[in-house]
Each structure stands twice: as structure tokens, then as C-alpha cells.
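Dear colleague,

I am passing on the structure below, together with some notes on what was found in it. Please read the notes alongside the coordinates.

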Amino acid sequence: MSNIINSLYNMRLLDDLARKETAIHKIHPLMKLLTTVVYLTVVVSFGKYEIGSLLPLFFYPVMVLALAELPVKPILLRILLVEPLIIGIGILNPLFDHQVFYLGGIAISRGWVTFFSIFIKCGLTVTAALLLIATTGMDRLASAFRMLKIPRLFVLQLLLTYRYISVLMEEVARILRAYSLRAPEHKGIHRNAWGSLAGQLILRTFDRAQRVYEAMCLRGFTGEYNTGGYGKIKVWDFAYLLGWVSFFAIAKIYNIPMLIGSLLTGVVR
Amino acid sequence: MSHHKLEVKDLHFIYPDGHKAVNGMSFCIYHGESVGIIGANGAGKSTLLMLLMGVLFPCQGEVLVGDVHVTKKTLPYIRQRLGMVFQDPDDQLFMTTVYDDVAFGPRNYKLEEKEVEKRVMQALEMVGILHLKDRAPFKLSGGEKRAAAIASVLSMQPDILVMDEPTAGLDPKSRRRVMGLLKSFEHTRIITSHDLDMVFDLCERTIVIKAGEIAAQGLTSEILVNEELMDSCGLEVPLALQNCPVCGIKKQFKQLNGLP
């Protein structure tokens, strides 16, 4: 049960991190959003055998992590949460793709290459999304969505879902606490109680959500989630976007690791 | 100052399951008054508050804020004039920081961000939690949460403050602090509570509700000491006015008022 309460605190960690005031945090949300979108597009645009070309793209998350002074461990843990899913998707690749190629005399199955390619791409995209939230915050991200003219309803839905996850988890924690105190012998929840607990949970969450909604309405909420001024886009914000987009373009067009390799070997010769 | 007046005329409300929660209530609350609404559980206090705020609408009768009827059309105006503090501050605080939460109301009224900031700072300073403005609401203590919830309403600069159990779940010191805070306000205040000692301290007038009807209304100093009335409405005389628990001697207050 303490896991649920811990994860509630952990979930809000990204909000806490978003309140830092580093150079990255101060960049306009819209520019960070666009940078992330371009990054994701470039990452997924690489072919399934192009692992080498993907490597320069590690530079972006590493730089953002360092400049935004974000803790590495919690971000890594969140990425690991998604990895089992990706392993599930890609693990059959080595079985189906038997073609072999040689790397420095070592035979490697192409299936394994595609598997690692999926694994890396997933890691990079999830990291980019997490970094965007951890350096921007959900509220400011929503204002960036609105600037892009994404319909109000979708943005509201995103924000309220994010808000209600914690409401739901708080209710789950309460129900589990009450259950475990009266069932000390049980390790989990007995299947006989599953139905009634789930029913209770849904009713309570409805009730709680209704009260939260009423509190919002009483303070003038009419469907538009106002998160404060958008702030003006400065030259530095543009420079951030342009800088990264240029880097991603170069990484896409040129095989940077190969260029560095040939440069080094050229020097050695 | 008629726009600060709150008038309830022959109010009736029946829930869809047929339960008559409010049954012909009428009263008027004037500018600057502090009024306590008390009653046993299920007496109809919360329903009454919901009707005052326009969350529910009556089957019969009307609620007037100043000279404006509470209807769906007038809700934006009504909700700017009436600010409600919920019993559970967790229902009220939902943004990621205290600042954003307090700014939520003013931003909904499309105020300039500078004006929003001014109001937020004022409200936080009034309740004495300016230093908590960047904290996440869920990390605050019970008393701090309550203060933040009150600030989130004050920032809308309402004329009338409606509070549902403002001292519920607070430790004695936090309770005393919140009471001091409420006492310092010049707003018209409507407070529902089971904390009768608090009502005795803060409200000049009290309305007693029983089974959806007004059982009595008048000066708090007369209503709350009326043991018979309190008992018939499922309540008790405030602890501060009861006999000394050690020696059983009756309190001076009762003797001064010529009560048994």
C-alpha cells in the first residue's frame, strides 16, 4: 500500500522539478514543445538498421538534463517503466529476422539490431517527453498547446486527466489503507473484495471529482483553463529552437559518428 | 450597501429521490454581519449552502444577492460576490502551486496578469502564508491548506464569505489561528459548523436548522445558551458554556443571563 502513496508523491515529482528556475526552465514553453516535436520526428525517422546514426541524438537529452539540473535517477526510473513494454514489442525481432552481417569479424543477427533500434528510439522519445514536462510543467505546456490553436476541449481534457489521476490515486490509497488495517493477514486484496472495492472506488472518485468541479465553477471556471499569461517569445527562445533544429537536421543528413570515425582514422593515417 | 445583502425567501428543495432537504426557509443577512448556521447532521446545512451558491437551484422560492436573483444567467456575477470555502480544502486546491491556486479565480475573470499577481499577494498576505506561495498544496499541513483555501476565495474579492466547517479537522492551535483570521475579516460572513464554541466566538447571529426548516434565529448569545432548543435540534450548548467538568459548577455566563 505504501507503494501507491509513494507513487503519488513520485508522480508529483515532475511538477516539483518544473518549478526550478534554470536557463532551460525559463525558455518559452512553445519553443520547448516545438523542439521536442522536431526531436521526436527525427528520432522515429531513422531506419530500423541505423543505430549508429541515432547516437548523436543522445546529446539532446544529456544536455537538457545537465542544463536543467534535473536528477538523473528518477528520470531513468520512469523510462525503465516503459521499457518492458518495448521489450515485449521488439523481442520477437531476433527470431524472425535471421539475416546476419559482420561487424569487425563478429556475426550479428539483423533481428538484434532492429530490436536495439526500437529499444533506443523508445528510450529517447520517452526521455524527451519526460524532460519536456519536467522543465515546463503541465500548466505551461497546456498554454503552449493553446498557442498552437489546439482545441480547448483537448487541452482541458489533458489537464483534467492529469489532475484526476492524483484524485483517483488518493482514493485508492484510502481504500487500501482501510482494507489492510482490517485484513492484516492478506498480502493483497482478496478476490472476493475486488468487485465491491472497485465499485466503491468509482463512486467515491465520481463524488470527489464532482466536488473539485464545483469548487472550480464557484471560482468562475467556465471551460477555459487559464494558466496565466503566455509571456513573450524572446530572441533567446528562438535561438534555442533554431540551434536544436539545426543540430537535429545535421544529425539526420550526415552520419556524424561515421564522419568522426573517418576523421580520426584519417588523422591516425 | 444593499448589494452585500443576502436574502432567502421561502426556499424549498427536494432531491430527485424525494428527500425534502430544505422546506420553506426565509432569512436575510445584512452587510458586515457574521451569521452562524447550525444544525444536526442531515439538517440541510450543506444543501442550503449549495442553494446559496447556485450549485443547486430551488424547486420553490428564491435567493437574492443584493437585488440580483440567483439564476443560471446571473451565476458569474453571483460567484464573484459570494466566495465559498469548502469543508475539505483538498477539494478546493487543485493546481500545482499555492500561487496558481489562489490565482485560479481572478484568471477566470480574465484580469490582467499584473492585477492577478497583486490580488494573489494581497490574499496570501492576509492569511499569512505568503512564504508558501511556491509550495505544492498537497505538501501543506491542515492549517496551511485551510489558509490557502481561504486565500483562494479572498483573491476574488468577494463581498460575502460562505464557509463550510472552517475549523473541521484542525488542531487546537490551527483552529485558534483560523478563528483569529476569520475574526479579522470585514466581509459579511456565513459560517456553518458543528464547532459551536467557534460560532459563539465569531457570529453575532445564529440560525438553527432542523429537518430542513429554521427552528430558531436570533442573537447567538441567546440561541446557543438555550439548552432546550439546542437539545431539540440535536445540538448541545457550547462546551465553554457548560458546567465545569471538574467541580460541576455552572458557568458565570448562564447565571448572568438568568438561565437555569
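**Notes on chain B**

Asn243(B) sits in the loop that joins helix H10 (227-232) to helix H11 (252-256) of chain B, where helices (H or I, at least four residues) and strands (E, at least two) are DSSP runs numbered from the N terminus. This is a predicted model, in which local features need pLDDT of at least 70 and side-chain atom pairs count only at pLDDT 80 or more, while totals for chains, interfaces and linings use all residues. Residues are numbered from 1 along each chain as its sequence is written, and chains are lettered from A and ligands numbered from 1 in the order in which they are written.

Asn243(B) counts as exposed because 12 other C-beta atoms lie within 10 Å; the cut-offs are 12 or fewer for exposed, 20 or more for buried, and partly exposed in between, with C-beta atoms placed from the backbone. Its C-alpha atom is separated by 41 Å from that of Leu130(B), 113 residues away along the chain.

As a whole, chain B has 11 helices and 10 strands, and buried residues make up 44% of its 260 residues. Its C-alpha trace spans about 60 × 45 × 40 Å along the principal axes.

The contact between the chains (C-beta atoms, placed from the backbone, within 7 Å) takes 25 residues from chain B and 19 residues from chain A. On the side of chain B that touches chain A, helix H2 (75-81), helix H3 (89-92) and helix H4 (98-108) each give two or more residues, and the largest share, six residues, comes from H4(B).

With best regards

Methods. Contact = placed C-beta atoms within 7 Å.
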